[in-house]
Amino acid sequence: SAPLDRARALAVFKWGDRTFYWLTRLSALAVLCILGGIIVSLIVGAWPAIKEFGLDFLVTRRWAPQLSPSPILGALGPLYGTVVTSMLAMLVAVPVGIGIAIFLTELCPQWLRRPVGVAIELLAGIPSIIYGMWGFFVLGPFLAESFVPGVADAVENIPVLNVIFAGPAINLSLFNASLVLAIMILPFITAISRDVFSTVPPVLKEAAYGLGCTTWEVVTNVVIPYTRVGVIGGIMLALGRALGETMAVTFVIGNAFRISHSIFAPGTTISAAIASEFAEASGLHQSALILLGLLLFVLTFFVLAAARLMLMRLERKQGA
């Protein structure tokens with residue numbers, strides 16, 4: 001009976017392995033089906049706008065859905081606002097987030113590491129609408145009264161800068177939206193960077209300190225090169241979040257469909273435009289908003305694909 005029992009046990013294990021295999025495979029296929037369904041539904045909904053405007057939709061600044069019988073709708077303003085706010089947010093959040101991660105792993109006293117780490121993680125759990133309300137009622141008035149006028153006066157006679165930082169000071173602007181986005185994506189960059197910094201073998205850092213390196217030299221020559229793949233992955237994840245953020249940006253950006261050279265001027269993003277107008281849209285106007293969503297999907301896809309290619313090149317270079 002022993003061989004028979006062994007055969008039955010093997011049959012049970014084989015059946016369990018096959019079930020597990022098909023469950024995981026169906027889960028992966030379900031993700032692809034959902035992704036494909038989203039793409040198809042976006043294309044179907046945006047098709048009337050694609051037929052009506054074609055490629056001109058990408059280069060038209062004006063957004064006038066109220067015109068009859070032929071509205072003028074263009075995506076250049078929302079595209080510009082999406083790119084500008086995301087890039088400004090990354091310029092603020094990346095050095096601050098990596099700096100916090102370095103402080104927590106290399107310089108922070110043991111008794112302070114946990115409180116600071118928990119505080120950073122709590123930022124990720126705050127709903128986006130709370131960030132938007134705080135930006136609208138607190139950050140916007142503070143910047144308009146105390147920060148923007150001083151910056152505009154300081155660069156008044158400096159070419160280029162006097163255009164980028166031109167006034168007037170108002171509560172709603174691209175700059176305000178960028179700061180709110182920077183605060184929102186900061187926990188992602190900090191948490192991922194801290195985790196990958198913790199994976200550096202202590203022997204490498206101890207060897208560098210033994211050679212007489214300073215903390216700055218250890219961080220720049222040992223820690224960051226060893227973990228750059230993970231750090232870049234965290235930065236790209238935060239960028240994807242910044243590109244698609246909706247409610248917080250809608251509160252503080254001004255929702256103006258225009259392109260301004262000043263970052264202190266109001267504007268809009270793709271997600272903010274959809275959130276503010278979709279409930280009242282119909283017909284070609286609604287189709288144009290769905291087309292904006294399709295453009296955001298494509299933009300995010302290309303950004304993440306480029307990040308993935310960059311990571312593959314770095315991994316290949318490290319292997320070489």
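Reader: Why does Arg316 count as exposed?

Author: In this predicted model, Arg316 has a relative accessibility of 53%. Exposed means over 50%, so Arg316 counts as exposed. Its place is in helix α12.

Reader: What makes Arg228, Arg313, Arg316 and Lys317 a positive surface patch?

Author: Lys and Arg count as positive, and like charges are joined within 9 Å when their residues have over 30% relative accessible area and no salt bridge. Arg228, Arg313, Arg316 and Lys317 form a patch by that rule. For Arg316, the 53% relative accessibility is over the 30% that a patch needs.

Reader: Which helix gives the most to the positive patch?

Author: Helix α12, residues 284–319, with three residues.

Reader: Why is Cys33 called exposed, and why is Cys213 called partly exposed?

Author: Cys33 has 55% relative accessibility, so Cys33 counts as exposed, the cut-off being over 50%. Cys213 has a relative accessible area of 27%. Buried would need under 20%, and partly exposed lies in between, so Cys213 is partly exposed.

Reader: What makes Ala154 exposed?

Author: The relative accessible area of Ala154 is 57%, and exposed means over 50%, so Ala154 is exposed. Ala154 sits in helix α5, which covers residues 128–154.

Reader: What separates the C-alpha atoms of Ala154 and Phe13?

Author: The separation is 74 Å, and Ala154 and Phe13 are 141 residues apart along the chain.

Technical notes:
Residues numbered from 1 in each chain as written. Predicted model: local features only at pLDDT ≥ 70, side-chain atom pairs only at ≥ 80, totals over all residues. Heavy atoms only, no water. Patch = residues over 30% accessible without salt bridge, like charges linked within 9 Å, V, L, I, M, F, W, Y side chains within 5 Å. Areas by Shrake-Rupley, 256 points an atom, 1.4 Å probe, with all protein chains shown as cover. Salt bridge = Lys/Arg side-chain N within 4 Å of Asp/Glu carboxyl O. Charge placed at Lys NZ, Arg CZ, Asp CG, Glu CD. Helix = DSSP H or I, 4+ residues; strand = E, 2+ residues; numbered from the N terminus. Buried < 20%, exposed > 50% of the residue type's maximum accessible area, 1.4 Å probe, protein only.
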